[in-house]
Amino acid sequence: MEGKWEEIDQYARQWIAEAGQRIRASFAEPLTVETKENRNDLVTNVDRGIEQFFAEHIRRQFPGHRLLGEEGFGDELAALDGVVWVIDPIDGTMNFVHQRRHFAVSVGIFEDGVGQLGYVYDVVFDELYTAQKGKGLFLNGGPLGRLQPAPVAESIIAINGTWLMENKRLDHRPLVRLAKDARGTRSYGSAALELAYVAAGRLDAYISPRLSPWDFAGGMILIEEAGGIMTNLDGKPIDLLNRSSVLAAKPGVHEEILYRYLRG
């Protein structure tokens, strides 16, 4: 089995590197931008092209594997049996369109629902975060240390400002208290990158009330291998087949946010 995951890892890294090259090359080409569910939910010809690239390579090299993707090239899945690749070709499309930075390729590879390989690739800054189950977290091939417990008062929390004002999804008032009590807040506009930053210790927690599996699949494996904790906002396991809220954090920070703010 070990050789199997080494082979999959080798191909995944190769395809992610090529995807990054294609995305960087696209900066010089005309960009076709469309909206999906609303005017802030963007998709480009590059998103679709990169997902198609992954789909074709996965099906050719690993015909027994299945794909869960954002842009329509994946499979219809009712369960996570077997090996499933969960891919976001460009997480942070709005940043890709407007800023040409702060977006990532996210890949999570699961077997029977268990995360085995995770990747988040910051294309512009050429930072590849990787994790294999039981082997820890790496950044560009170098090992990163395990996350150590910390309190909210010494933490930087990643949260979109939308959730700190009145909204339809959740009670914003506990999160306003959290933002005031924390050392600082940040929002980068890419769930995959923010999860990678938590795993790497650049952030101490990340909160979102509504993400799709491809937004968090790769980052979830990174978080787990770094010794962090990732649940939904009720403290329950993440649903990998449906949209879910997400609370990812260092030990200590996760419990404090969950019990003092979200359940307090």
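Where is Asn167 found? I located Asn167 in the loop between strand 10 and helix 4; helices (H or I, at least four residues) and strands (E, at least two) are DSSP runs, numbered from the N terminus.

**Basis.** I worked from a predicted model, in which local features need pLDDT of at least 70 and side-chain atom pairs count only at pLDDT 80 or more, while totals for chains, interfaces and linings use all residues. Residues are numbered from 1 along each chain as its sequence is written, and side-chain values use heavy atoms, with hydrogens and water left out.

**Entry 1: Asn167.** I looked up its accessibility and noted that Asn167 counts as buried because its relative accessibility is 19%; buried means under 20% relative accessible area, exposed over 50%, and partly exposed in between (1.4 Å probe, protein chains only). I then listed polar contacts, that is, pairs of N or O atoms within 3.5 Å; within protein, one must be able to donate a hydrogen and the other to accept it, and residues adjacent in sequence count only if both atoms are side-chain atoms. A polar atom of the Asn167 side chain lies 2.9 Å from the backbone oxygen of Met165. The Asn167 side chain also reaches the backbone nitrogen of Leu170, at 3.0 Å. Leaving out residues up to four places away in sequence, I found that Asn167 touches Thr162 and His172, contact meaning heavy atoms within 4.5 Å.

Entry 2: I recorded an open sheet of five strands in the order 11-10-12-14-13, with mixed pairing; two strands pair if DSSP finds at least two bridges between them. Strand 11 (184-186) and strand 13 are the edges, each with a single partner strand, so one side of each has no neighbour in the sheet. Strand 10 and strand 12 pair in the parallel sense over two bridges. Ile157 stands opposite Ala205 in strand 12.

**Entry 3: helix 7.** I asked which residues of helix 7 (residues 253-262) are buried. They are Val253, His254, Ile257, Leu258 and Tyr261. Seen down the helix axis, these residues fall within an arc of 130°, so they line one face of helix 7; the arc is that of the directions from the helix axis to the C-beta atoms. I noted that their cover includes strand 10 (156-158), helix 4 (173-181), strand 12 (205-211), strand 13 (229-231) and strand 14 (244-249). Helix 7 lies across strand 10, strand 12, strand 13 and strand 14, and runs at about 130° to strand 14; axes are lines fitted to C-alpha atoms, for helices over the stretch in contact, and angles run from 0 to 180 degrees between N-to-C directions.
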